[in-house]
Protein chains: 6
Amino acid sequence: MDKQSGFSHLGDAGEARMVDVSGKSASSRVAAAEAWVNVGPEIAKKLRETGGVAKGNVIETARLAAVMAAKRTGELIPMCHPLTLDSVDVTGELAGDRVRIQVSVSCEGKTGVEMEAMTAASVGALTVYDMVKSMGKGVEIGPVRLLSKSGGKSGTWQREDKHDAAG
Amino acid sequence: MDKQSGFSHLGDAGEARMVDVSGKSASSRVAAAEAWVNVGPEIAKKLRETGGVAKGNVIETARLAAVMAAKRTGELIPMCHPLTLDSVDVTGELAGDRVRIQVSVSCEGKTGVEMEAMTAASVGALTVYDMVKSMGKGVEIGPVRLLSKSGGKSGTWQREDKHDAAG
Amino acid sequence: MDKQSGFSHLGDAGEARMVDVSGKSASSRVAAAEAWVNVGPEIAKKLRETGGVAKGNVIETARLAAVMAAKRTGELIPMCHPLTLDSVDVTGELAGDRVRIQVSVSCEGKTGVEMEAMTAASVGALTVYDMVKSMGKGVEIGPVRLLSKSGGKSGTWQREDKHDAAG
Amino acid sequence: MDKQSGFSHLGDAGEARMVDVSGKSASSRVAAAEAWVNVGPEIAKKLRETGGVAKGNVIETARLAAVMAAKRTGELIPMCHPLTLDSVDVTGELAGDRVRIQVSVSCEGKTGVEMEAMTAASVGALTVYDMVKSMGKGVEIGPVRLLSKSGGKSGTWQREDKHDAAG
Amino acid sequence: MDKQSGFSHLGDAGEARMVDVSGKSASSRVAAAEAWVNVGPEIAKKLRETGGVAKGNVIETARLAAVMAAKRTGELIPMCHPLTLDSVDVTGELAGDRVRIQVSVSCEGKTGVEMEAMTAASVGALTVYDMVKSMGKGVEIGPVRLLSKSGGKSGTWQREDKHDAAG
Amino acid sequence: MDKQSGFSHLGDAGEARMVDVSGKSASSRVAAAEAWVNVGPEIAKKLRETGGVAKGNVIETARLAAVMAAKRTGELIPMCHPLTLDSVDVTGELAGDRVRIQVSVSCEGKTGVEMEAMTAASVGALTVYDMVKSMGKGVEIGPVRLLSKSGGKSGTWQREDKHDAAG
């Protein structure tokens, strides 16, 4: 780690690098993240119509995209370690005018799975955007954020303002 | 397109599908998107220290990750067409307590490149998150949103509240 | 082409090679393929129960996997050309004790899309297998076969015994 | 697992999901699968001609494609876990008018490698199809099926009608 | 292009970027490259023994790996454009104590295929290394170099000292 | 292993195969490799100009490409095992008229990481080539070679003529 800066992904000369985890032992890791997509009232109404078929299929497509993206996190994020994963659990729901993608990832490994959860949530949200964008290009994604993590040296972390985003 | 719902990515029975573009002719397409990462004051200060080396390397890593992700959009987003791209231009900057990743993509094709711009911006933002998360897991990504697009049958679209996010 | 053998994917010395299409001009190409999964009566019954939810989700997951696999055909099949695609259309249905995945692919290119249709159908079938294998490892996939193709120098081809498999 | 349906890949509401293996311990896993390609008498004869060079190269290409596909199973099959593999062994032979691709995969992990074996066999068969399709588009793939598996909680399973397909 | 530096892959501020080819028109592009692997006399002798089977299979595996790598160049090299390719032709031979992988790539596109040829040759050479490394870890790869290119604004280029490496 | 030939990647009949490591136990593995790019005096001078910005960005882009390629070695090299990695450390420097990419990889696994180090170094060198090729297509890559490895049954190996290449 760059002792001065405190960024574990920057080396002594400030250069980007993968954190060396060879001295760590594997342990159970869990991380949860969420991504919100503000689709607006018109699209939300459309998604609810037709007996929920549209909503169901948009969310199901997003869920699958999220699961598959979790598995490819190490390919997308330059300094992420490639990992085997024990589970990727994704739920999607339409809450008011927003779609919420929530992801929980677990593994037994030397590094945490925060990035897997964040990446899966992001790709789930991007897929929602893709599925509805013919009806409104102004749809916005955000926040995408970690909800909690456990395991590893830094232990458990829990977002305090967890329910704000849905407010 | 599902005539009833208006969602081009849902078929007659509401099922998810790729839009058929075989009847379209190729034309110049451009799309721009942005993603914001709220790193907070402490990390922002750290990024500015050490003569900007930390900031430079975090942003440079994010920029490269964004360019590479643009090229793989069709692998990540289920109903996206695989495309060849003419350019992917990514800039990153630290504005106050937030990092802004801005992406512009162009191609000559039958479909737009909105998803390539949005995906690149998201992966750029996720990379910033990855690079700074050792100093604060609460960092939030958002908004991720389209700024403009041109080309194709639906023509030019421009976000009206473009500068809000930076406000 | 190896003149003696007639295999376009084997060179003069019989070595595997990609067909050179640089002299060809792009034209509209379409190909359709199907893959059958014989799940047996017990699993078929289970898929139909619970109001069709199980059936719907197994088939929807298979459909998405098939669409995504079509886009990656060039990565999986060594001598396949990488292509941009205009459409990938996948349907799935439970017919008796068998699930049928049918795929239609189109592009405007120098080579046909038979392999994209065959690969998508295969991966769709493999996904059905994956989704039901906890209830019966003996489930068999087959036939996987081309139904039709059009475009290019060899023109249109249509399978004659098209409906046998469903018989 | 969905208690009612018995499908381990469907959750309580019937939704597709990855099986959570975080509570399992790693053990030795082996799975074998086969895929048949009915090339017909004319192509079979051609493959045998020229001193076996054509046959050899078609099968060698298929074998390599199968090995490489086994490693990417988790990318193709939505609910498959990404795994490290200990071995992927592929053989190919021309038996009468049919090519048989047989695959054996082993790993030390929390989940079985049935899908890796099935996917590798399928991609091997698709590659055979690709290599010979210039001489006959009617070539059919199937059956693709599991031959045996061992390891894990469900223990050893062996196909009973193992030799039928070759009959 | 960075006018001062002359590097087309560096922007005005010296930052890495993808070259914008949106103003260019597609034309026929060809590039050839070679990669040498100095396996040394002992391994060369072993490769020649057993009637050439070992040599044949090492080189065939390298050839296939090279073809497949050409198709994925845009994923590996950050600033490379994703391309469709018209042909990838790879030959391999044992010349004295060295294996030579030669690659020729063509496409009809807005950018050249030098990187596809160079990447394919490199991966072919790495595969040779992998196949023989159990007999000698000291095996060296090099030179890897462009032999010629044609098409595009910069026209035709031909290496002058083309035969040196084999000398 | 093919007992006669001594090549662990060739089976009894000389066919290419993945080495079966299921009987091995995991241990700490480290491998280091280097790749040289002879850019010539003119490009070297340009890289040094502009206060090192060009040099910095060319090398930083190559470093990231190398790290990302290490993670994908198993996809590129047909008989390589897919691995999780503990660290990938890449340095780049301009030494005289040549750029040197040096890579160190570690993992805890059943197989060594020589190919990961060699592949990462190669892709780093290819990226340097890509970044400077607008100024000279004659740039050559090589040697690419292993510097050292440790761990596993074959133990530690160290290149003796380690410093020659830089001479």
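Helix H2 of chain F is mostly covered, with 15 of its 18 residues buried. That comes from a predicted model, so keep in mind that local features are given only where pLDDT is at least 70.

**Helix H2 of chain F**

- H2(F) runs over residues 53–70, and F:Thr61 sits in it.
- Is F:Thr61 buried or exposed? F:Thr61 counts as buried because its relative accessible area is 0%, and the cut-off for buried is under 20%.
- What does F:Thr61 touch, once neighbours within four places in sequence are left aside? Its partners come from chains B, E and F: B:Leu64, E:Ala16, E:Pro78, F:Thr127 and F:Met131.

**Chain B against chain A**

- Here 57 residues of chain B meet 57 residues of chain A.
- Together, chain B and chain A bury about 4600 Å², and 67% of that is on carbon and sulfur atoms.
- B:Phe7, B:Leu126 and B:Lys137 supply 14% of the area that chain B buries against chain A, more than any other three residues.
- How many salt bridges link chain B and chain A? The count is eight.
- B:Glu140 and A:Arg145 form a salt bridge, with their closest N and O atoms 2.7 Å apart.
- You'll also find 16 residue pairs in polar contact across the interface of chain B and chain A, both partners at pLDDT 80 or more.
- On chain B, the elements giving two or more residues to the side that touches chain A are helices H1 (40–48), H2 (53–70), H3 (73–76) and H4 (114–132), plus strand E4 (140–150).
- H4(B) gives the largest share of that side, with 12 residues.
- Sorted by class, the side of chain B that touches chain A has 29 nonpolar, 15 polar and 13 charged residues.

**Chain B against chain C**

- For this contact, chain B brings 20 residues and chain C brings 16.
- Chain B and chain C bury about 1400 Å² between them, with 55% of it on carbon and sulfur atoms.
- Three salt bridges turn up across the interface of chain B and chain C.
- B:Lys110 and C:Glu108 form a salt bridge, and their closest N and O atoms are 2.8 Å apart.
- Nine residue pairs are in polar contact across the interface of chain B and chain C, both at pLDDT 80 or more.
- By class, the side of chain B that touches chain C has 11 nonpolar, four polar and five charged residues.

**Chain pairs that don't touch**

- Chains A and E make no contact, and their nearest C-alpha atoms are 10 Å apart.
- Chains C and F don't touch either, with nearest C-alpha atoms 10 Å apart.

- In chain C, C:Gly142 and C:Pro143 are joined by a cis peptide bond, with omega at about -5 degrees.
- C:Pro143 belongs to strand E4 of chain C, residues 140–150.
- In chain E, a cis peptide bond joins E:Gly142 and E:Pro143, and omega is about -10 degrees.
- E:Pro143 is part of strand E4 of chain E, residues 140–150.

**E:Arg145, on strand E4 of chain E**

- E:Arg145 lies in strand E4 of chain E.
- Why does E:Arg145 count as buried? Its relative accessible area is 2%, and buried means under 20%.
- In sequence E:Arg145 and E:Ala35 are 110 residues apart, but in space their C-alpha atoms are 6.6 Å apart.
- Within chain E, the side chain of E:Arg145 makes a polar contact of 2.8 Å with the side chain of E:Glu34.
- Across to chain F, the side chains of E:Arg145 and F:Glu140 are joined by a polar contact of 2.8 Å.

Definitions and conventions. Residues numbered from 1 in each chain as written. Chains lettered and ligands numbered in written order. Heavy atoms only, no water. Helix = DSSP H or I, 4+ residues; strand = E, 2+ residues; numbered from the N terminus. Buried < 20%, exposed > 50% of the residue type's maximum accessible area, 1.4 Å probe, protein only. Contact = heavy atoms within 4.5 Å. Buried area = accessible area lost by both parts, 1.4 Å probe. Salt bridge = Lys/Arg side-chain N within 4 Å of Asp/Glu carboxyl O. Polar contact = N/O pair within 3.5 Å; in protein donor to acceptor, adjacent residues only side chain to side chain. Nonpolar A, V, L, I, M, F, W, Y, C, P; charged D, E, K, R; others polar.
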